[in-house]
Amino acid sequence: MTADSNSIAGAVRGVRERMAAAAKRAGRDAAEIQLVAVTKTVAPEALRAAYEAGVRHFGENRVQEWEAKAPTVAGLEGVVCHMIGHLQRNKARRAVALFQRIDSLDTLALAQKLEESAAEAGAVVPVLIEVRLSAEPAKSGIDPESLDRLGESLLGCAHLDWQGLMTVPPWSEDPEPARPYFRLLRELNERLRARLGRPFPVLSMGMTHDFEVAIEEGATEVRIGTAIFGRRPKPPQVT
Ligand SMILES: *Cc1c(COP(=O)(O)O)cnc(C)c1O
């Protein structure tokens, strides 16, 4: 084992301990909360180390980046790859081939493309709807007012299996300001269950700096990059 894989194993252990402590505080069973390791900018060897440390769910933001890295873990027992970044319609087919779940579905047009691609592939593709709960214009995600309509359309898509909701609240150093957003996502989920008469078991919310608060508010999945793989290089500034 290299020093690097040792430190990743230690980091995974640390995150799991914090997840368990947060679950306990909320009177929840830690076993019902899934860890998704977020791998953007992370080297293939580090993915492998995370797998060896017991990680089975991986989240990536870009189709192209995952095409290059997926082979390091994609064939391994139990691996589930999640698309968690903004997905362009013209990459829907590639995404269906690469990922076991699309967590960032946010428009009807994308849903239609995914449905077509899944049908072509003879597959049923699990999806989450990404909801944008703040007014930040740069964020992706559907507005809560449009959620019901998109959801109803999804229920008509025979090749998409809608499993729940995902959100990314506005970033702040302190995790507490994120709490109302997490709570709101859970409430939206409960409202959908009541309105549509079926459960949506997955609530994907919480990242490195706020996952414990998300778990206290009902997250069933947390998406963690930095706390496992270390800090990412800053993306190049577009000028
Ligand atoms: C990068 C990213 C994460 C993980 O962020 P960290 O702060 O590094 O844990 C989670 N979700 C999405 C959608 C991301 O883009």
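1. A residue is called buried when its relative accessible area is under 20%, exposed when that area is over 50%, and partly exposed in between (1.4 Å probe, protein chains only). By this rule Cys157 is buried, because its relative accessibility is 12%. Cys81 is buried too, because its relative accessible area is 1%. A search of the whole structure finds zero disulfides (a disulfide being a pair of cysteine sulfur atoms within 2.5 Å).

2. This is a predicted model, in which local features need pLDDT of at least 70 and side-chain atom pairs count only at pLDDT 80 or more, while totals for chains, interfaces and linings use all residues. Residues are numbered from 1 along each chain as its sequence is written, and side-chain values use heavy atoms, with hydrogens and water left out.

3. On overall form, the protein chain has nine helices and eight strands. Helices (H or I, at least four residues) and strands (E, at least two) are DSSP runs, numbered from the N terminus. Along the principal axes, the C-alpha atoms fill a box of roughly 50 × 40 × 40 Å.

4. Of the 239 residues of the protein chain, 47% count as buried. The chain exposes about 11600 Å², with 51% of this supplied by carbon and sulfur atoms; accessible areas come from the Shrake-Rupley method with a 1.4 Å probe, and for residues only the protein chains shown count as cover. Among contacts (heavy atoms within 4.5 Å) with a separation of 6 or more, 60% are between residues 24 or more positions apart.

5. The protein chain has 31 positive and 32 negative charges, and their mean positions are 2 Å apart. Lys and Arg count as positive and Asp and Glu as negative, while His and the chain ends are not counted. The place of a charge is NZ of Lys, CZ of Arg, CG of Asp or CD of Glu.

6. The loop between strand E1 (34-38) and helix H2 (44-52) holds Thr39. Thr39 counts as buried because its relative accessibility is 0%. Not counting residues up to four places away in sequence, the residues that Thr39 touches include Leu47, Phe58, Trp66 and Phe229. Leu47 is itself one of the buried residues of H2, along with Ala46, Ala49, Ala50 and Tyr51.

7. Thr41 is also in the loop between E1 and H2. Thr41 is partly exposed, because its relative accessibility is 46%. Its phi is near 70°, a positive value in a residue other than glycine. Most residues other than glycine have a negative phi. After H2 comes Gly54, with a positive phi near 105°.

8. Gln112 belongs to helix H5 (residues 108-121). Gln112 is partly exposed because its relative accessible area is 46%. The C-alpha atoms of Gln112 and Leu160 are separated by 9.7 Å, and the two residues are 48 residues apart along the chain.

9. Thr220 sits in the loop between helix H8 (211-216) and strand E8 (221-224). With a relative accessible area of 17%, Thr220 is buried. Its contacts, leaving aside neighbours within four places in sequence, are Arg28, Glu32, Ile33, Gln34, Pro201, Val202 and Leu203.
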